[in-house]
Each structure stands twice: as C-alpha cells, then as structure tokens.
Amino acid sequence: AAAKADLATAATEEKAEIAGDKSLTTAKRAEKEKAVDDKKAEEEAKITAADDADKVEAAKTAGVTAIKGVHTVGSLDDLKAAAKADLATAAAEEKAE
C-alpha cells in the first residue's frame with residue numbers, strides 16, 4: 001500500500017507541474033494529465049504483480065521515475081519564439097507568391 005501511495009504522490013506532483021506549465025494548450029495539458037494517469041495505472045499493476053519486497057521496491061522506484069518523466073516543463077518564451085518564426089515563414093511564403 002505504501003508503494004502505491006508513493007506512486008499517487010508522484011502523480012499528484014506531476015499533474016501540478018503540468019497544470020502550472022503555461023507553455024501547454026488546454027488540450028495538451030489534458031493529454032499529459034491522462035498520460036500521467038495511464039502511467040500510474042501501468043506502474044501500480046507492476047507493484048501488484050511483484051512477489052517479494054525487493055521487487056515491490058524496484059517497481060515503486062521505477063514507477064515514480066516513469067511518472068515524473070511524463071512531462072518536462074516547457075518555456076513559454078520558446079513557444080512564443082517558435083510561433084513568431086512560423087508567422088515570419090508564412091509571411092515570406094505569401095510575399096513570394
């Protein structure tokens with residue numbers, strides 16, 4: 001039970017990080033949150049299947065790492081720069097026509 005609680009804590013922390021990431025659209029945010037839930041369920045199944053304390057601990061550690069790896073905080077400035085570059089490209093293409 002403690003191992004699964006650790007996974008739940010990691011999932012909650014990861015979702016908070018996702019919610020605070022201003023570089024994500026609402027759709028991307030929902031997609032990432034679902035990925036956290038899916039990964040948590042997958043890793044809980046590994047803990048359930050573990051048949052001794054060492055395997056439970058290994059599954060918990062791997063699970064927490066996997067959950068925390070679902071999302072990396074993006075940069076809103078990088079997102080803005082990419083959007084501006086796309087606009088500049090589109091404008092240049094339009095002028096070329």
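This is a guided tour of a predicted model, arranged as a series of selections.

Before starting, note that residues are numbered from 1 along each chain as its sequence is written. Because the model is predicted, local features need pLDDT of at least 70 and side-chain atom pairs count only at pLDDT 80 or more, while totals for chains, interfaces and linings use all residues; side-chain values use heavy atoms, with hydrogens and water left out.

**Whole chain**

Display the whole chain as a cartoon. It has four helices and zero strands, where helices (H or I, at least four residues) and strands (E, at least two) are DSSP runs numbered from the N terminus. Read from the N terminus, the elements run α-α-α-α. The radius of gyration, taken over C-alpha atoms, is 19 Å, well over the 13 Å that the globule rule gives for 97 residues, so the chain is more spread out than a compact globule. That rule is 2.2 Å times the number of residues to the power 0.38. Along the principal axes, the C-alpha atoms fill a box of roughly 70 × 25 × 20 Å.

**Helices H1 and H2**

Select residues 2-19, which form helix H1, and then residues 26-49, which form helix H2. Their axes come within 10 Å and cross at roughly 170°. Axes are lines fitted to C-alpha atoms, for helices over the stretch in contact, and angles run from 0 to 180 degrees between N-to-C directions. H1 is therefore roughly antiparallel to H2; angles over 145 degrees count as roughly antiparallel, under 35 as roughly parallel, 65 to 115 as roughly perpendicular and the rest as oblique. Contact means heavy atoms within 4.5 Å. Among the H1 residues that meet H2 are Lys 4, Ala 8 and Ala 19, and the H2 side includes Arg 29, Asp 37 and Thr 48. The residues of this contact divide into eight nonpolar, one polar and ten charged. Here Ala, Val, Leu, Ile, Met, Phe, Trp, Tyr, Cys and Pro count as nonpolar, Asp, Glu, Lys and Arg as charged, and the others, Gly among them, as polar.

Turn to H2 and H3, whose axes come within 9 Å and cross at roughly 170°. H2 is thus roughly antiparallel to H3. This contact has seven nonpolar, one polar and five charged residues.

**The nonpolar core**

Show side chains for Ala 3, Leu 7, Ala 10, Ala 11, Ile 18, Leu 24, Val 36, Ile 47, Ala 59, Val 64, Ile 67 and Val 70, the twelve residues of the largest nonpolar core. Such a core is a set of buried Ala, Val, Leu, Ile, Met, Phe, Trp, Tyr and Cys residues joined through side-chain atoms within 4.5 Å. H1 gives the most to this core, with five residues. Next, centre the view on Val 36: leaving aside neighbours within four places in sequence, Val 36 is in contact with Ala 11, Glu 14, Lys 15, Ile 18, Ile 67 and Val 70.

**A last stop**

Finally, select Ala 45, in helix H2. Ala 45 is partly exposed, with a relative accessible area of 44%; buried means under 20%, exposed over 50% and partly exposed in between (1.4 Å probe, protein chains only).
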